[in-house]
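Dear colleague,

I am handing over the structure we talked about, and below it you will find a short account of what came out of it. Please read the account with the structure open beside you.

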There are 2 protein chains.
Amino acid sequence: MEPQTHLKPGRVRPGGRTAKVRAAVLDATQDELVDVGFHGLAMDRVAARAGVGKTTVYRRWRDPGGLVTDLMVELADQSTPHADTGSIEGDLRANAMSVLGAINDQRLGATLQAVIAAATCDPAAADALNAFYLRRVKEWATAVDRAVERGELPAGTDGAEVIRAVSAPLYYRLVVTREPVDERHAERAAARVLAAARAGAFAEAAG
Amino acid sequence: MEPQTHLKPGRVRPGGRTAKVRAAVLDATQDELVDVGFHGLAMDRVAARAGVGKTTVYRRWRDPGGLVTDLMVELADQSTPHADTGSIEGDLRANAMSVLGAINDQRLGATLQAVIAAATCDPAAADALNAFYLRRVKEWATAVDRAVERGELPAGTDGAEVIRAVSAPLYYRLVVTREPVDERHAERAAARVLAAARAGAFAEAAG
């Protein structure tokens, strides 16, 4: 099975005129986030980089928080759907690989880290980050629900908590201990969460 | 059992003259990190806030990365040692509560988040963060080693990995999904990791 990537690393997709302006502005926002981080994100520079009038950018996105919020919505829209490999082992492994693909993608990984940094001091960035990840968690939680229906995991297993737990050790290495994250870590994360889930540690009665 | 705090939230301890200068400078560094973040950290403001000559601060710490590095060494020095409750269940719970205490402590939690943010774009901050957490992980891993000796966990269980796994879901909520973290999450983190460890998912043969 090919490891699925969490998100397609490509650029924001263009469409009609308004969509093209949005695509250009969000691409420029992502470029600036990667290059200078949230603290360096300036509306005028984003407008210039996108080749769009400043007035348009200020009117539509208002401030850097508005740009980041819209970028995270777009990145969530572009994300690949959850896997359906037929077994919870395969699905959790696919989830771990998709997270690995996202954080190790040069452009997307740098974007996520810039927004994680921004979220520590900017409420709009924090809200955007929360919405992005909860949407991803909810999308993948269905894989756990199917496993419960198939009898692979105990009834009452909390799918969203299982999905959070697969991502957690990978992000912990990425942003907290600042250690490299590779396929081995992704596989271990999935296997360990699966062992705990099978033991009923993610079922509601477990507290 | 009283939940142990990960680190004493108190101020840097003074000692002789050199130690007093260091304590004042590191306190001011921590205050500035909490107030303005790493991007706002300026040597001159730290010197003024500490009541110490600029020359001293530049000579001894060189740049903001030098200040953060020394602050993280001091915070690790002040940390409480690992728990020894007599059971791995108690020790992992104590570890989770100590992490919870640190991240929910107003001053210490804000400091850790500021350094996590800084580490996304500053190599010195990243090194300081890595050294701080690996020292904490190593300190607590001994609790797992003792559990293996007592026969509570399978031979070959990787203590450092167990300790990382207890912290991971708490930090994931704190800095990635930006969700509140409370005692229930700490207890669940410890219980889930324990279930996986008992199942052998942290033993070397598990990959």
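Please keep in mind that this is a predicted model. Across the interface of domain 1 of chain A and domain 2 of chain A, the rule finds two salt bridges. The side chains of A:Asp27 and A:Arg107 meet in a salt bridge, with 3.2 Å from N to O. The interface between domain 1 of chain A and domain 2 of chain A also holds four residue pairs in polar contact, both residues of a pair being at pLDDT 80 or more.

As for what builds the side of domain 1 of chain A that touches domain 2 of chain A, helix H1 (17–36) and helix H4 (64–78) of chain A each supply at least two of its residues, and the largest share, eight residues, comes from H4(A). By kind, the residues on this side of domain 1 of chain A divide into ten nonpolar, four polar and three charged.

To place these details in the whole chain, note that chain A is divided into domain 1, which covers 9–76, and domain 2, which covers 82–206. The centres of the two domains of chain A, taken over C-alpha atoms, are separated by 27 Å, while 17 residues of domain 1 of chain A are in contact with 17 residues of domain 2 of chain A. Between them, domain 1 of chain A and domain 2 of chain A bury about 1500 Å², and 70% of that area is on carbon and sulfur atoms.

With best wishes

Key. Residues numbered from 1 in each chain as written. Chains lettered and ligands numbered in written order. Heavy atoms only, no water. Domains from an automatic or database assignment. Contact = heavy atoms within 4.5 Å. Buried area = accessible area lost by both parts, 1.4 Å probe. Salt bridge = Lys/Arg side-chain N within 4 Å of Asp/Glu carboxyl O. Polar contact = N/O pair within 3.5 Å; in protein donor to acceptor, adjacent residues only side chain to side chain. Helix = DSSP H or I, 4+ residues; strand = E, 2+ residues; numbered from the N terminus. Nonpolar A, V, L, I, M, F, W, Y, C, P; charged D, E, K, R; others polar.
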